[in-house]
Amino acid sequence: MKAEMIEVGTLERDVGASLKRAIEDELDWEHLPYTHASTFSNVSLINADRMGWEADVMLTDGTPMQMHVKLDEDRKGYTNSTFTDGAENGRAVCRIEETGADSCHMSFRFFIPEDSPFPRDMAGPFYAEMFGRLVDEDEPKMMHRTAALRAGGKIHKERREALLPNGDAVQVPRYCPHQGLPLDCEPDSNGTMTCPWHGYRFDAQTGKCVSGQIKSWRNSAG
Ligand code: FES
Ligand SMILES: [Fe+2]
């Protein structure tokens, strides 16, 4: 029988991005092990659609879990649940209120199963701290995304210099061709640049996306 979920804590947060950006970020399963590298070490998608996604995730301490994200019907909130061996072990329910053109207020409620081994008085602060940290990491991403959408395609033409392992200088984009977020990374010893937001990898010399999700920055530079 499924254990009943009991509420153990809340979190209220003002965020410097619109409701639309906050929902976009929640649907963005790919960013977990990169934007949230301190919490997640891997994500493997099971399925996704415009209302949510399901994925196997690995926490940085090696704990495997399944995560399910489901948007509310009105797309002004969501439920994020985690499962171990098919049993739900925690749930965050978020409602989002638009407070301005580029701001919103997020209200989280946290739940654990009534038979959880996690002490109730510790679970609330644990989830509030974790989700507070996740929002802290998401906020700059959402703000960069807002700026990229406003700036349009022209930011993809901006270049800066980077150094290859052999010391040669090459011109690389300032903004990632994936979502236009700052490509703040340098070529590694193989000459590969790994975008800090979703981990797409690019050959610094040719621009080819060697992780394969997109073609190359030159083709997408447009
Ligand atoms: S913005 Fe997504 S991988 Fe760079
Ligand atoms: Fe996030």
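**Figure 1. Contact between helices α1 and α3 in the predicted model.** In this predicted model, Arg21, Ala22 and Asp25 of α1 meet Asp138, Lys141, Met142, Arg145 and Thr146 of α3, two residues being in contact if their C-beta atoms, placed from the backbone, lie within 7 Å. Helices are DSSP runs of H or I with at least four residues, strands are runs of E with at least two, and both are numbered from the N terminus. The residues of this contact divide into 2 nonpolar, 1 polar and 5 charged, where Ala, Val, Leu, Ile, Met, Phe, Trp, Tyr, Cys and Pro count as nonpolar, Asp, Glu, Lys and Arg as charged, and the others, Gly among them, as polar. Two packed helices are described by the angle between their axes and the distance between the axes. Here the axis of α1, which covers residues 19–27, comes within 10 Å of the axis of α3, and the two cross at roughly 115°; axes are lines fitted to C-alpha atoms, for helices over the stretch in contact, and angles run from 0 to 180 degrees between N-to-C directions. The crossing of α1 past α3 is right-handed, a term used if the near helix is turned clockwise from the far one by less than a right angle, the anticlockwise case being left-handed.

**Figure 2. Where domain 1 meets domain 2.** The domain assignment, which comes from an automatic or database source, places domain 1 at residues 5–151 and domain 2 at residues 158–221. The contact takes 9 residues from domain 1 and 9 residues from domain 2, while the C-alpha centres of the two domains lie 28 Å apart. On the side of domain 1 that touches domain 2, α2 (32–35) and α3 (120–151) each supply at least two residues, and the largest share, 4 residues, comes from α3. By class, that side of domain 1 has 3 nonpolar, 3 polar and 3 charged residues.

Figure 3. Strand β2 (residues 40–49) pairs with strand β3 (residues 52–59) in the antiparallel sense over 8 bridges, two strands being paired if DSSP finds at least two bridges between them. A hairpin through 2 residues joins β2 to β3; Asn42 stands opposite Met58 in β3, and Asn47 has Glu54 of β3 as its bridge partner. Strands β3 and β4 also run antiparallel, joined by 7 bridges, and Gly52 has Lys70 of β4 as its bridge partner. The hairpin of β3 and β4 has 4 residues between the strands, and in this hairpin Gly62 takes a positive phi near 90°. Strand β2 is hardly covered, with 1 buried residue among its 10 residues; a residue is buried if 20 or more other C-beta atoms lie within 10 Å of its own, exposed if 12 or fewer, and partly exposed in between, with C-beta atoms placed from the backbone.

Figure 4. Most residues other than glycine have a negative phi. Arg75, although not a glycine, has a positive phi of about 55°, and this residue lies in the loop between β4 (64–71) and β5 (77–84). Arg75 counts as partly exposed because it has 14 C-beta neighbours inside 10 Å. Asp85 has a positive phi near 50° and is found in the loop between β5 and β6 (87–100). With 8 other C-beta atoms within 10 Å, Asp85 is exposed.

**Figure 5. Surroundings of Ser216.** Ser216 is found in the loop between β11 (201–203) and α4 (217–221), and it counts as partly exposed because it has 15 C-beta neighbours inside 10 Å. Leaving aside residues up to four places away in sequence, Ser216 touches Thr206, Gly207, Lys208 and Cys209. The C-alpha atoms of Ser216 and Thr206, which are 10 residues apart along the chain, are separated by 8.0 Å.

**Notes to all views.** The protein has 4 helices and 11 strands, and buried residues make up 26% of its 222 residues. Residues are numbered from 1 along each chain as its sequence is written, with chains lettered from A and ligands numbered from 1 in the order in which they are written. Because the model is predicted, local features need pLDDT of at least 70 and side-chain atom pairs count only at pLDDT 80 or more, whereas totals for chains, interfaces and linings use all residues.
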